[in-house]
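Here is a friendly set of notes to read beside the model. Take the points in order, and keep the viewer open as you go.

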Amino acid sequence: MTEISASVLTVEKDNATTIFYNLETGKVNYFHIDAMDGKFVPKNNLELMKDYALTISHISNLGLDVHLMVENVEEIADEYLMLEPEILTFHVEATKNEERTKNVIELIKNSGTRVGIAISPETKIEEIKPYLECIHMILVMTVVPGKGGQTLIPETLEKVRQLKDYITENNIDIDIEVDGGINDITSKQAIDAGANILVAGNYLVSAENISEAVKKLK
Ligand code: DX5
Ligand code: ZN
């Protein structure tokens, strides 16, 4: 079954609670928090995203799907783990070496949270293969990380397909999430390629009827 994770990256502060409410009643499965530090990606929105994550954890029954686009993974992960997210994802390009990556996986697991590893469009799937047995989700970036409202890069779906084949062949039970440029057309392509969790920001937040938009994505 396909699940939808609503990115709140581009939600304006003024009507944030209304949008959060509409997303939840529109039956998304998770709230996707995009934390950016101004180093791993140009923009810094750490304060706003923490604020949204805190609000959502107070008013919603849905789990947080936290996507860290930060260099100092350990520190920011610690802050989010206090909110007991459903899943916490960091970039393999941020942790870089195997020892550090494994330590971060342990850090997240020790808090009883599911672990995701994200790969940017230019990164080869070989980089994350060593970790697939011990994490819960692969986040395939379908745009260059950093901002919402971009167009999906078609080649990234080939990576989803390769990963799907690899996990099937090796009997690995893991979710594949796609993130960036997902709409009612690209959602179908992503699902066909093997993704089972779709992040959608702009498409949902700008929809006139969020509930209809969620149905179209699924
Ligand atoms: C991009 C973020 C995505 C993005 C999704 O760096 O990780 O979560 O905001 O937004 P849309 O669906 O608008 O591409
Ligand atoms: Zn994201």
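How far is an oxygen atom of ligand 1 from an N or O atom in the side chain of Asp-34? The first point takes this up.

A word on conventions: residues are numbered from 1 along each chain as its sequence is written, while chains are lettered from A and ligands numbered from 1 in the order in which they are written. This is a predicted model, in which local features need pLDDT of at least 70, side-chain atom pairs count only at pLDDT 80 or more, and totals for chains, interfaces and linings use all residues; side-chain values use heavy atoms, with hydrogens and water left out.

1. **Ligand 1.** The distance from an oxygen atom of ligand 1 to an N or O atom in the side chain of Asp-34 is 2.7 Å. This is a polar contact, a pair of N or O atoms within 3.5 Å; within protein, one must be able to donate a hydrogen and the other to accept it, and residues adjacent in sequence count only if both atoms are side-chain atoms. A polar backbone atom of Gly-146 is 2.8 Å from an oxygen atom of ligand 1, and for the side chain of His-67 the value is 3.3 Å to an N or O atom. The protein covers 99% of the 380 Å² of accessible area that ligand 1 has on its own (Shrake-Rupley method with a 1.4 Å probe; for residues, only the protein chains shown count as cover).

2. **Who surrounds the ligand.** Ligand 1 is surrounded by 20 residues, and the closest are Asp-34, Gly-146, Gly-149, Asp-179 and Gly-201. A residue counts here if one of its heavy atoms lies within 4 Å.

3. **The zinc ion.** Now turn to ligand 2, a zinc ion coordinated by His-32 (NE2), Asp-34 (OD), His-67 (ND1) and Asp-179 (OD) at 2.0 to 2.3 Å. Donors are N, O and S atoms within 2.8 Å of the metal (3.2 Å for Na, K and Ca), and since water is not among the atoms, sites may look incomplete. Along the sequence, the spacing of the donor residues reads H-x1-D-x32-H-x111-D. Asp-34 belongs to strand β2 (residues 30–36) and Asp-179 to strand β7 (residues 175–179), so this pair ties together parts that are 145 residues apart in sequence. Helices (H or I, at least four residues) and strands (E, at least two) are DSSP runs, numbered from the N terminus.

4. **Geometry at the zinc.** Why is the arrangement around the zinc ion octahedral? Its six donor atoms subtend angles of 69 to 169 degrees, which makes it so. By the rule used, four donors count as tetrahedral if all angles lie between 85 and 135 degrees; four count as square planar and six as octahedral if opposite donors are over 155 degrees apart and all others between 65 and 115; anything else is irregular.

5. Buried means under 20% relative accessible area, exposed over 50%, and partly exposed in between (1.4 Å probe, protein chains only). Asp-34 is buried at 4%, and Asp-179 is buried at 7%.

6. **Strand β3 and its partners.** β2 and β3 run parallel, joined by seven bridges, and His-32 stands opposite Asp-65. β3 (residues 63–69) also pairs with β4 in the parallel sense, over four bridges; there Val-66 faces Leu-88. Two strands pair if DSSP finds at least two bridges between them.

7. **Strand β4.** In β4 (residues 87–91), five of the five residues are buried. Ile-87, Thr-89 and His-91 point one way, and Leu-88 and Phe-90 the other. Thr-89 has a relative accessible area of 0%.

8. **Two lysines to check.** Lys-27 has a positive phi of about 70 degrees although it is not a glycine. Lys-27 sits in the loop between α1 (16–25) and β2 and is exposed at 60% relative accessible area. Lys-96 has a positive phi too, near 60 degrees. Its loop lies between α4 (92–95) and α5 (98–109), and Lys-96 is exposed at 64%.
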